[in-house]
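Biologist: Let us go through the labels and what stands behind each one. Please show me the model.

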Amino acid sequence: MTTLRVIDAGPAVTVQDMGRPGWTAKGLARGGAADRLALLEAAALLGQEAPLAALEMAGAGGRFTVDAPTQFCLTGARMKAEVDGRPVGHAETVLLPPGAVLRVGGAEKGSYGYLAFAGGVFGEEWLGSRAAHLLAGVGRALAAGDEIALGSDPDPEAAARVLVPEDRLGGGTVRMMPGPQTGLFGEGVLERFLDTAFTRAPQANRQGVRLEFEGAPFESETQGLASDFITSGDVQMTGDGRPYVLLAESQTVGGYPRIGTVITADLPRLAQAHAGDAVRFEMLGVEEADALWESETAQLARLRKAVQPRVRDPHDIPDLLGYQLVGGVTRGNELEE
């Protein structure tokens, strides 16, 4: 067992895994990582059979130490990091020696960064998950002085690996599919919605993301809609006619009309959009959306195949002169002896 000590942490650093499926009927959303793909990438890099719990860092990281050697990696949002002053790359495995200080700065691109360790982050488990679900009052944000158990790294000296992550930072086009309430919006309203350039508003958290735009509000053609089942990815049109896209910690019942649902493959792009990033929507047919669905098991298998050994830049090797760089050197007169 390894102990991770938090020297200091940003205001929204929490333990997250793949959440608690199966409890929606009881009023508890699955929760888990806002960017699930980031945990799959970390699992592929660190050789995990399935994604283990990691630290989710919303906007800012912190400083951390361990008491035993362990490999780690950073995925999700781009965050500047270093170990005892040496830069750490994104989406690559790095050894964190005991006593060394890992410093993770603020998000330079994207919103949710992930710090994953080879043995996973332990912590209190509830309903089969270690994930904090702040909206439900489960878990809490980490703070200076916290100590958390990590699983032991079975091979801390393993060769470093790297992965080119899927480009999903900085906003962009998000694909959605029609849902049971899409028909509540007139054809002209839906066309205008799909033609509109949105920006991610500053108001966003793990529950959902609000989008801003110029123009008239988007209104449905119904009044007094009864509350209904809702889930992550649903695009609600709030009372002022502005879209609000639900994320991992969404409520499970809502009464605002939903114009559609963001497909699972594109939800990480929306979650990672930073305040001010441009977002557009593209509507797919149900069959098109179904064809794009990929199980997380299949995603992890595909990511494992994409992992490559990391080729180190000599400028990043502080003890370069300590290595045997040339082999086979002789005195030159061995054959005369």
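Biologist: Which residue in β19 is the bridge partner of Met 176?

Modeller: Met 283 is the bridge partner. This is a predicted model: local features need pLDDT of at least 70, side-chain atom pairs count only at pLDDT 80 or more, and totals for chains, interfaces and linings use all residues. Residues are numbered from 1 along each chain as its sequence is written, and side-chain values use heavy atoms, without hydrogens and water.

Biologist: What makes β11 and β19 a pair?

Modeller: Two strands pair if DSSP finds at least two bridges between them. Five bridges join β11 (residues 172–177) to β19 (residues 278–283), so the two count as paired. They run parallel. Strands themselves are DSSP runs of E, at least two residues, and helices are runs of H or I, at least four, numbered from the N terminus.

Biologist: In what order do the seven strands close into a barrel?

Modeller: The order is β11-β18-β15-β16-β13-β12-β19, with mixed pairing.

Biologist: Why is Ala 197 called partly exposed?

Modeller: Its relative accessible area is 46%. Buried means under 20%, exposed over 50%, partly exposed in between (1.4 Å probe, protein chains only), so Ala 197 is partly exposed. Ala 197 sits in the loop between α2 and β12.

Biologist: Which residues is Ala 197 in contact with, leaving aside neighbours within four places in sequence?

Modeller: Glu 212, Phe 213, Val 279 and Arg 280. Contact means heavy atoms within 4.5 Å.
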